[in-house]
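Subject: Structure for you to look over

Hello,

Here is the structure I said I would pass on. My notes on what turned up in it follow below.

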Amino acid sequence: MDRSERIGLGVSIAAHAAVFAALVLSFAKTPPQEPPKAIPIDISLADKVGLESSAPVPSQEELAAKKSPVEAPVEPEAAPAPAPEPQPLPKPQPAPPKPAPEPQPQPKPAPPQPKPKPAEKPAPAKPSKPSPAAKPQPQKPSTAPAQSAATGSARRPVKPTGNLAGLDLGRSNNKTASTSLRNPGSKASAEDVASFRGLIARQIQPCANRQVTPGPGAERIRVLLRVNFNPDGSLAGDPDITGVQGNDATNGRYVERVKDLAIATFKGCTPIRGLPANLYAVPSGWKSLAFSYKLPG
Amino acid sequence: MPSVSTGAVLSPIHLFLEADIVVKLVMIGLLLASLWTWTIIIGFALKVSGLRKEMQRFETEYREADDFDEFHRRAAGRDQPIARVFAAGVSEWRRSTAGKTIDREGTRERLATAMGATVAMEIDRLSDRLNFLATVGSVAPFVGLFGTVWGIMRSFTGIAAAQSSSLAVVAPGIAEALFATAIGLFAAIPAVIAYNRYSHAVNRVEARLHRFADGFHATLSRRLEMEG
């Protein structure tokens, strides 16, 4: 190693040290970058909960039936009036009786009726017991909800028509049929809505997890969409964008992209399997649902 | 493999300290190779530029000198390749012309051989270090790649152990591993460039020494004819 190489060694050591120091300093200066975190991705599906119970109609009919036999003795005179009354009664019935009026009369003759009722539906049964005083009110909504308070008093005499054994029996039978009636006429209950929305959310999730955030701030955008389903769970046309929330100056340019991602998410993971067919076209069923979509993060 | 959320994750010190022992050795080796490479590069640059000036001055002095014997007294002791070529020619000339009878053909051949051998020896000495540059230039990337492959294998083992393929688990290991390739390229690129440049420089020095030797040989040949 001669003189020039000693110089070279010194210079190269110094230069390497300088490069190293520069690297260390430059990396020390760079602002701490968030390491990519494994973020559990959530689709936030806006659950619009149906707060109305779906099953009351049949239970109301039950009440009416119970009371009518009790009341029947009260007004024997009203017997001549039956002719006009049968009409209001059949009105609510036409839907209920069809499914299963015949099979029930045999298993449940008139006397046993009160027993099965409390067993099947304890909640509605209770109101019926104290009801003797309040009978008229529960009855009226079932037959004619519009005529509530004022006409209620006038109707009382009408109810004795329930005395007619055949009619009463028919009615009571209808009550028991109420469970089967529920499907065609009812609306999706809050639990049903939560259930099938959860089902959809679970099946959409894999597609939502696949979407990549197009840029910083895009995950704050919330796209509201209305999704129409076919009875088989597939999409009936593209989801409609009904609104966008959370877009501001910084992420405004990603809005269109996020909209596309939202639609792609739903298109990618449909048809949805396992949706309850009987809740398709009912009120607040899953024929058309509103969702809000948000990117993970 | 801890996932630290600071920017220091990518700092060279951190990458080095976090790395596997094999990767560490690779990095250290490559760093030493880089140091030595730059030592050679800088040393050689100084040496060649000094050599050019020396040859320039020596040739000027040689042309201006009246008599090579007298010039030999002044210049023969210098520690310069061109001076050694000159000295080899002169000493061979003296030995060949010391006797009473002079074999001109034989003397010419011996002069040419002696000076040619001296030129070859000087070039050998000059280019002694260059093969290290060539070696580093061709091997360092592979060594770095070895470190990277090893480090990535290790971080894949880490994935298996952590039961998670999230980037936070994999990234530090891969960054460490890639750092080895980075150092390998850092050492290899200057080495390759320098090797090519200096090979060319050595060729030019060699050609110049040969030209000087040929010229001196011609001078001695003429003198040989006069002597006879």
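Helices here are DSSP runs of H or I with at least four residues, strands are runs of E with at least two, and both are numbered from the N terminus. This is a predicted model, in which local features need pLDDT of at least 70 and side-chain atom pairs count only at pLDDT 80 or more, while totals for chains, interfaces and linings use all residues. Residues are numbered from 1 along each chain as its sequence is written, and chains are lettered from A and ligands numbered from 1 in the order in which they are written.

The span 130–153 of chain B comes from UniProt, where an unreviewed entry lists it as "transmembrane region" along with 21–46 and 173–195. UniProt positions are given in the numbering used here, feature names are shortened, and annotations may be inferred rather than shown by experiment. Residues 21–46 of chain B are also 100% helix and 0% strand, with 37 Å between the end C-alpha atoms. For chain A, the UniProt listing (unreviewed entry) under the name "transmembrane region" is residues 7–28. That span of chain A is 100% helix and 0% strand, and its end C-alpha atoms are 31 Å apart.

Staying with chain B, helix α2 (residues 21–64) and α7(B) cross at roughly 20°, and their axes come within 9 Å. Axes are lines fitted to C-alpha atoms, for helices over the stretch in contact, and angles run from 0 to 180 degrees between N-to-C directions. α2(B) is therefore roughly parallel to α7(B) (angles under 35 degrees count as roughly parallel, over 145 as roughly antiparallel, 65 to 115 as roughly perpendicular and the rest as oblique). The contact of α2(B) with α7(B) holds 24 nonpolar, three polar and three charged residues. Nonpolar covers Ala, Val, Leu, Ile, Met, Phe, Trp, Tyr, Cys and Pro, charged covers Asp, Glu, Lys and Arg, and the others, Gly among them, are polar.

B:S165 sits in the loop between α6 (130–162) and α7 (167–227) of chain B. B:S165 has 11 other C-beta atoms within 10 Å and is therefore exposed (12 or fewer such atoms; buried means 20 or more, partly exposed in between, with C-beta atoms placed from the backbone).

Chain A has ten helices and three strands, in the order α-α-α-α-α-α-α-α-α-β-β-α-β from the N terminus on. Of its 297 residues, 30% are buried.

Helices α9 (residues 190–210) and α10 (residues 255–268) of chain A pack at an angle of about 135°, with axes 8 Å apart. α9(A) and α10(A) are therefore oblique to each other. A:I204, A:C207 and A:A208 in α9(A) meet A:T265, A:F266 and A:G268 in α10(A) (contact means C-beta atoms, placed from the backbone, within 7 Å). By class, that contact of α9(A) with α10(A) has four nonpolar, two polar and no charged residues.

The loop between α10 and β3 (288–294) of chain A holds A:P271. A cis peptide bond, with omega about 0°, joins A:T270 and A:P271; most peptide bonds are trans. A:P283 is in the loop between α10 and β3 of chain A too. With 13 other C-beta atoms within 10 Å, A:P283 is partly exposed. A:P283 and A:K187 are 96 residues apart in sequence, yet 4.8 Å apart in space, C-alpha to C-alpha.

Regards

Key:
Two residues are in contact if their C-beta atoms, placed from the backbone, lie within 7 Å.
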